[in-house]
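Keep the picture open while you read.

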Amino acid sequence: MTAQIDVRGKLTAELRRLTHDAAHWPLRDRRQFRNLLLDSVSSDAMPMVELLLTVHDDGRLRALPDSGASRALWDAADARLANELQSQRYLEPSVARFVAEAWVHALGPDAIPAVNVRRSTPARTVAAPLPTTRPTTTRSAQPSLSPPGVVSPSNAASIRAYKRANILIVGAAAIFALLIIGVFRSTARTVERSAQPMRPAALPVPEAMPDRTDSLVSARPENVSPSLPRELPFSVAREPVTIGEARARATDDVVLKTGRVIEGRVVTIRAQTVVIHDNLADLDFEVEKAEIERIVTSKGQVLRFSAENVPLISDDDMRTSRLNAGEFRVRYTARWGVERIECLDVAKRFAPGVRLTVRHVRGAPMLNLDFTRGAAYNAAVYADGSFESVAVAAQSLGPGGATVSSRLSGRFSRDGKLLGIVRLSALASSGEVVCDLALTMNAERVVTAP
């Protein structure tokens, strides 16, 4: 008489013991947990143990109620988990019920009976087969009979093959779905391109000149159609921009967080402020450290401050009654940041342009800087002729698909000259700064506005 091995009952009892042992639960070492379960039965039960641990790996245990919940909630969770294993893991109903009840018995309250008690069956006696005598052989072959509830090696191989087949089917379905989606998107993009109107790049872009001189806002960026390509005609039809060699500087550049660059000399650095001599105004200014982004010394060294200081002063709000309108011819000189080849290309491609139209009304606090076949900037103008513009994003992408933005700052003189700084920043989609450079902008007025 052969004794029956209750594999499911032993696995259920061992699973409950391990989940109530603080040294093993929550599960820290999956391999050790699996080996402890196998120690309670035999290595032939490896497929059943893997099914139990797969439920934990898939995160299905998070849907079970708390241990203090009522019996009805745990019964509902038991049935729901068994149905999920049948529909999503393609398990047989009896195997799915065993896995669900084993986890419910292990994590639920003591009032829930064990699986081996609920599904208990009387032991059966397995009779050994009669030996067959073969005169031509020396060994008698006996068929291998496995007791009920024990997973034989052949059954384990079948389960593994079944799981591999399911994984292959799901993977093939996913690849097929991705191919269908890719074909659909490429077809949609082709249809969209064919429906777009074609504009020859050689044709000049008409410029809408305002009827009034107090029109300070250019409507060109807002009127750009979203269906046009990223590379607009003005980016290739404008005059070529040349960037001169960086001149030797004997001054310090103080870069403010607003984008303005003060060219002068750092007189002294105090606890909360920095005293700066501005060469253009020939005056000393005391600026909060929190307002300073960095200081580039005449030797090229960069000095930064921490962001713990609180700004106490603000910009001068006095406006100018000077008329700064007119047509200007612009030249650029590299200031810093063009040492890398890709950044020098950014300077040449995204410099605003060589012909500038300034629209300004006498006494107005704002002016408009409109570059021919280029970008337009709105800027605030101050009493001393200095101005600061807002940042404008370029219509085409920079190196590595980076987004390039530019902003201007500078000062108009009474003799019709403009000296300013162009800040160009190329920012990647990941947030990394690809290029941060500055160009000196020198402009002379060739036509004075009436």
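## An open sheet

Let's start with two neighbours: strand β3 (residues 261–269) and strand β4 (residues 273–278) run antiparallel and are joined by 5 bridges. Across this pairing, Gly264 stands opposite Asp278 in β4. Keep in mind that this is a predicted model.

Now zoom out. β3 and β4 belong to an open sheet of 6 strands, paired antiparallel in the order β5-β4-β3-β2-β6-β7. At the edges sit β5 (283–288) and β7 (302–303), each pairing on one side only. What holds such strands together? Strands of a sheet pair through backbone hydrogen bonds.

Is strand β14 (residues 403–412) largely enclosed or open? It is largely enclosed by the rest of the structure, because 7 of its 10 residues are buried.

β14 has several antiparallel partners. Strand β12 (residues 386–389) is joined to β14 by 3 bridges, with Ser386 opposite Arg411. Strand β13 (residues 392–393) has 2 bridges to β14, and here Val392 faces Ser406. Then there's strand β15 (residues 417–427), linked to β14 by 10 bridges, where Leu408 stands opposite Val422. β14 and β15 make a hairpin with 4 residues between them, and Gly416 in the turn has a positive phi of about 85°.

## Two helices crossing

Over to the helices: the axes of α3 (residues 46–57) and α5 (residues 93–107) come within 10 Å and cross at roughly 60°, which means α3 is oblique to α5. The crossing is right-handed.

Who does the touching? On α3, Met48, Leu51, Leu52, Val55 and His56 make the contact, and on α5 Val95, Phe98, Val99, Ala102 and Trp103. These contact residues divide into 9 nonpolar, 1 polar and no charged.

Notes:
Residues numbered from 1 in each chain as written. Predicted model: local features only at pLDDT ≥ 70, side-chain atom pairs only at ≥ 80, totals over all residues. Heavy atoms only, no water. Axes fitted to C-alpha atoms, helices over the stretch in contact; angles between N-to-C directions. Parallel < 35°, antiparallel > 145°, perpendicular 65-115°, else oblique. Left-handed = near helix turned anticlockwise from the far one by under 90°. Contact = heavy atoms within 4.5 Å. Nonpolar A, V, L, I, M, F, W, Y, C, P; charged D, E, K, R; others polar. Pairing = 2+ DSSP bridges. Buried < 20%, exposed > 50% of the residue type's maximum accessible area, 1.4 Å probe, protein only.
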